Amino acid sequence: MLLFGVLVVFQTFSLPGQFAHMAKESPDLAYLRWPATAVSVFFVLCVQAVIVCTWKLLTLVKDDRIFTQASLGWVDAIVWAVAAAWVVLLGVFLYVGFHADDPGLPLLLFLMLVGVAVLGLLMVVMRALLRQATTLRTDMEAVI
C-alpha cells in the first residue's frame with residue numbers, strides 16, 4: 001500500500017516536475033518534455049496495475065481461493081500490463097535507437113526490453129501453471 005502511494009506521488013509530482021526542469025535546462029530537448037512525461041507516467045501506471053493485481057492474488061491465496069477462475073483474470077491483467085509496458089518500451093527503444101549518437105542509452109534500453117520480455121514470458125508460464133492447477137483442483141473436487 002505504501003509503495004502504491006509513493007508511486008502516485010511520483011507519478012503526479014516528481015515525473016512532471018523533473019521533465020519540466022529538464023526542459024528549462026536543455027531547451028533544445030524541450031520538445032521531449034510531454035512525450036517523456038506521458039511514457040514515464042504510463043510505465044508507473046503499468047507497475048501500479050501489477051501491484052493491485054498481485055495484492056488481489058495474495059488476498060485470494062489468503063482466502064484459499066487461488067485455484068479458482070477468479071484468479072485467472074488477475075493474472076491476465078498482469079500479463080497485459082507487462083505486454084503494454086513492453087510495447088511502449090519497444091517504441092522508446094526504436095525512437096532512441098534511430099536518433100542516438102551514443103550507443104549507451106540504446107544498449108540500456110535493449111537490456112530493459114529483454115528484461116521486461118523475460119518477465120512477461122515468466123508470467124505467461126505462471127498463468128499456464130495456474131490454469132492447469134485450477135483445472136486439476138476442479139477435477140479433483142468433482143471426483144470427491
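This note goes through the salt bridges, one backbone angle and a surface patch in a predicted model.

1. Salt bridges overall. The structure holds 3 salt bridges. Asp-64, Arg-137 and Glu-141 are linked in a network of such contacts, and a further salt bridge joins Arg-127 and Asp-76. The points below take the pairs in turn.

2. Arg-137 and Asp-64. In this salt bridge the closest N and O atoms are 3.4 Å apart. Arg-137 belongs to helix 4 and Asp-64 to the loop between helix 2 and helix 3, so the contact ties together parts that are 73 residues apart in sequence. Arg-137 is partly exposed, and its relative accessible area is 27%.

3. Glu-141 and Arg-137. Arg-137 also meets the side chain of Glu-141 in a salt bridge, with an N to O distance of 3.4 Å. Both residues sit in helix 4; because they are 4 residues apart, about one helical turn separates them. Glu-141 has a relative accessible area of 51% and counts as exposed. The cut-off for that class is over 50%.

4. Asp-64 and its backbone. The loop that contains Asp-64 runs between helix 2 (33-62) and helix 3 (69-99). Phi of Asp-64 is near 55 degrees, which is positive although the residue is not glycine. Most residues other than glycine have a negative phi.

5. Arg-127 and Asp-76. The side chains of these two residues form a salt bridge at 3.1 Å, N to O. Arg-127 is in helix 4 and Asp-76 in helix 3, 51 residues away, and the pair links these distant parts of the chain. How accessible is Arg-127? Arg-127 is partly exposed, with a relative accessible area of 22%. Asp-76 is likewise partly exposed, with a value of 22%.

6. Nonpolar surface patch. Leu-119, Leu-122, Val-125, Met-126 and Leu-129 make up a nonpolar patch on the surface. Together they have about 450 Å² of accessible area. One of them, Val-125, is found in helix 4, which covers residues 104-143. Is Val-125 buried or partly exposed? Its relative accessibility is 46%, so Val-125 counts as partly exposed.

Terms used
Residues are numbered from 1 along each chain as its sequence is written. This is a predicted model: local features need pLDDT of at least 70, side-chain atom pairs count only at pLDDT 80 or more; totals for chains, interfaces and linings use all residues. Side-chain values use heavy atoms; hydrogens and water are left out. Helices (H or I, at least four residues) and strands (E, at least two) are DSSP runs, numbered from the N terminus. Patches are made of residues with over 30% relative accessible area and no salt bridge: like charges are joined within 9 Å, nonpolar side chains (Val, Leu, Ile, Met, Phe, Trp, Tyr) within 5 Å. Accessible areas come from the Shrake-Rupley method with a 1.4 Å probe; for residues, only the protein chains shown count as cover. A salt bridge is a side-chain nitrogen of Lys or Arg within 4 Å of a carboxyl oxygen of Asp or Glu. Buried means under 20% relative accessible area, exposed over 50%, partly exposed in between (1.4 Å probe, protein chains only).
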